[in-house]
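Let's walk through this model together, piece by piece. Keep the sequence and the 3D view open while you read.

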There are 2 protein chains.
Amino acid sequence: VEALLATEGTLPVNLKFLFEGQEEIGSPDLLDFVTAQRERLACDLVVSADGMQWDVSHPAIWVGLKGLCSLEIDVNGANQDLHSGIHGGMVQNPIHVLAGLIASLRNPEGRITIEGFYDSVVDLTEEDRKRMALVPFSAEDEAERLGVNSLVSEPGYTPQEHAWARPTVEVNGIWGGYQGGGTKTVLPNSAHAKITCRLVPDQNPDDTVDAIRQHLESRVPAGVTVSVKPGREGANPYRITSDHPGNEIAHAVLEEVYGKEPYYVWTGGTIPFCALMLQQLGVHTVNFGFQLEDEQLHAPNEFIRLYNFQRGQGAYIRLLQTIGEKGLSPK
Amino acid sequence: VEALLATEGTLPVNLKFLFEGQEEIGSPDLLDFVTAQRERLACDLVVSADGMQWDVSHPAIWVGLKGLCSLEIDVNGANQDLHSGIHGGMVQNPIHVLAGLIASLRNPEGRITIEGFYDSVVDLTEEDRKRMALVPFSAEDEAERLGVNSLVSEPGYTPQEHAWARPTVEVNGIWGGYQGGGTKTVLPNSAHAKITCRLVPDQNPDDTVDAIRQHLESRVPAGVTVSVKPGREGANPYRITSDHPGNEIAHAVLEEVYGKEPYYVWTGGTIPFCALMLQQLGVHTVNFGFQLEDEQLHAPNEFIRLYNFQRGQGAYIRLLQTIGEKGLSPK
């Protein structure tokens, strides 16, 4: 901005800055702040520095980010751990119940079997799938890198499509009974699991937790009680079309900077900010970022290489200039 | 024995003593010892002091003890924990796989669905069921005492019959992924479970572990490896008919001592000694014991009330005398 003012004396567009310093703690005040400042923040486009290059020589534009919801399942049986010889067979085992409940969430082929789970999912278009297929991805290489004998996916979708743009239900943790060395013939009295879902438009975190809760509660067998506790995390999914006017301008600028057309990429990761701004201000966010994958995002010693920073500076100047020239109306 | 020798000058039967001091550590040397001393130990009946009164005023004779086998299941996925957003959907989740495998071991009604699991199970006779039904047991009271809304059982069997005389598969412990507070959006790379089975005649611990292993290994989906590790524990089930000559004599003596007929009881617990003696010496063991349930068996401060000890002394004298009088041939 200073460079633009120094050389041109004026800015090509009207700019408003929003500095968000709470991302690492879940942005507890962002929603209230944006809601309260809605009029002052009103704008035609949000541009966020959160975003990544595909690699050092190839630009990328994010067009899909997943939402998130979380919950914990607690299965409780008898009032104490029991002897598996004395009570085994007559007292329900909470681990078996929990295993059955978890198994009921997906079929062996990988399709989620929670009633209503896919109801509000917007399916991928042929255009989406074509653009996605342009992004270099080898299932064989990825499997080898991760040390698995095969990638998996929902029937009808490639592993890349599932990870990028289809919803997931993952058990993040499970525990119950004896975990030490050797054998303990206990019939445990409780079992627990933590679950998160990655959501896609137009799924909603609260509705999804409700659907899972109903699914589980309708499957509780005799002899145990099951409680489903929603987690505090909840984020809406976000999608922006590749031909959104903001993306078209970002595309042109990135092509100019790198000499290559950007890939349109999706991620199963979540940036609650984009969905929040869309909901509160009614405008999309273009993620125009210049980090690289190895720059320790959210981890200790996060950094950005100076040449990426400088490349970003130049690109942002061109972005503002191009928006000033072309405007943001759809072509 | 001293009392008998002092009063009668001779013993009514030929006696051999075997003192087993390793029960609390799994009797690692018992099998080798009995095998090596088979000729010196040869006899018509084994009588073991391991056994319990039903309560202080009512005798009981054990006629069924379950066997045991144990194993651990390890499901391994990627070479490290992964981000559920980036890889969720394309990488198999070991917890889901483990839950599916566990759920496949039993159907929701409580019948075990491992191929071949019941093949060598000797079913209960009508006589068994009648004798079992004579033993006081209230499913409602037991459920209330244990704090569960209902007892359960295999279809076609009462909870008492299942716990006493039908085989079980219990997950004793399960773990994998994140178990701490709050949410962690991890796609874990391994999941584990410990399992024990309580076996009934003529199931065999090794064959049962093999059957479970085959069942599990035929159900491993793409993207993970599954290993099944047998535990060191393994014990054969044991059964003795209520009209075995040894039991008929024990019955007569107990009726004389208590003024009440003994209950014939079964337990899901395991006493490897009985099956071992049957296998090595070809003779059954009568469990002729006088402990009470609250005397801390195998626990710290195990004890026996002096009046139970004295009652036992008297009963053992009558047992030896009666065997001497009647002999051990079937009537």
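How many bridges join strand E2 (residues 60-65) of chain A to E10(A)? There are 5 bridges, and the two strands run parallel. Strands here (E, at least two residues) and helices (H or I, at least four residues) are DSSP runs, numbered from the N terminus. Two strands pair if DSSP finds at least two bridges between them.

Before going further, a word on the ground rules. This is a predicted model, where local features need pLDDT of at least 70 and side-chain atom pairs count only at pLDDT 80 or more, while totals for chains, interfaces and linings use all residues. Residues are numbered from 1 along each chain as its sequence is written, chains are lettered from A and ligands numbered from 1 in the order in which they are written, and side-chain values use heavy atoms, with hydrogens and water left out.

**A covered strand**

Back to strand E10 of chain A, which spans residues 263-267. Trp62(A) has Val265(A) in E10(A) as its bridge partner. E10(A) is mostly covered, with 5 of its 5 residues buried. Buried means under 20% relative accessible area, exposed means over 50%, and partly exposed is in between (1.4 Å probe, protein chains only). Look at both faces: Tyr263(A), Val265(A) and Thr267(A) are buried on one side, and Tyr264(A) and Trp266(A) are buried on the other.

**Where the two chains meet**

Now zoom out to the interface. In chain A, 71 residues are in contact (heavy atoms within 4.5 Å) with 71 residues of chain B. Together the two chains bury about 5500 Å², and carbon and sulfur atoms give 55% of that. Buried area is the accessible area (1.4 Å probe) that two parts lose on being put together, summed over both. On the chain A side, Met90(A), His96(A) and Ile174(A) lose the most area to chain B, together 13% of what that side buries.

What holds for charges and polar groups here? The count of salt bridges between chain A and chain B is 0, where a salt bridge is a side-chain nitrogen of Lys or Arg within 4 Å of a carboxyl oxygen of Asp or Glu.

Strand E5 (residues 168-177) of chain A gives the most to the side that touches chain B, with 10 residues. E5(A) also pairs with strand E5 (residues 168-177) of chain B, in the antiparallel sense, over 5 bridges. In that pairing, Trp175(A) stands opposite Trp175(B).

Thr196(A), in strand E7 (residues 190-199) of chain A, is worth a look too. Thr196(A) is buried, at 1% relative accessible area. The side chains of Thr196(A) and Asn172(A) are joined by a polar contact of 2.8 Å. Leaving aside neighbours within four places in sequence, Thr196(A) is in contact with residues of both chains, including Leu68(A), Val169(A), Ser84(B) and Thr183(B).

**Salt bridges**

Side chains of opposite charge can pair when their charged atoms come close. Over all chains, the structure holds 24 salt bridges. Here are some from chain B:

| Pair | N to O distance |
|---|---|
| Arg131(B) and Glu127(B) | 3.2 Å |
| Arg129(B) and Glu161(B) | 3.0 Å |
| Asp294(B) and Arg305(B) | 2.8 Å |

Arg131(B) and Glu127(B) are about one helical turn from each other, because they sit 4 residues apart in helix H5 (residues 126-134) of chain B. Arg131(B) is partly exposed at 27%, and Glu127(B) is partly exposed at 42%.

The next pair links distant parts of the chain, with Arg129(B) in helix H5 and Glu161(B) in helix H7 (residues 159-165), 32 residues apart. Arg129(B) is partly exposed at 23%, whereas Glu161(B) is buried at 8%.

Asp294(B) and Arg305(B) both lie in the loop between strand E11 (285-287) and helix H11 (306-326) of chain B, so their bridge ties together parts 11 residues apart in sequence.

Definitions and conventions. A polar contact is a pair of N or O atoms within 3.5 Å; within protein, one must be able to donate a hydrogen and the other to accept it, and residues adjacent in sequence count only if both atoms are side-chain atoms.
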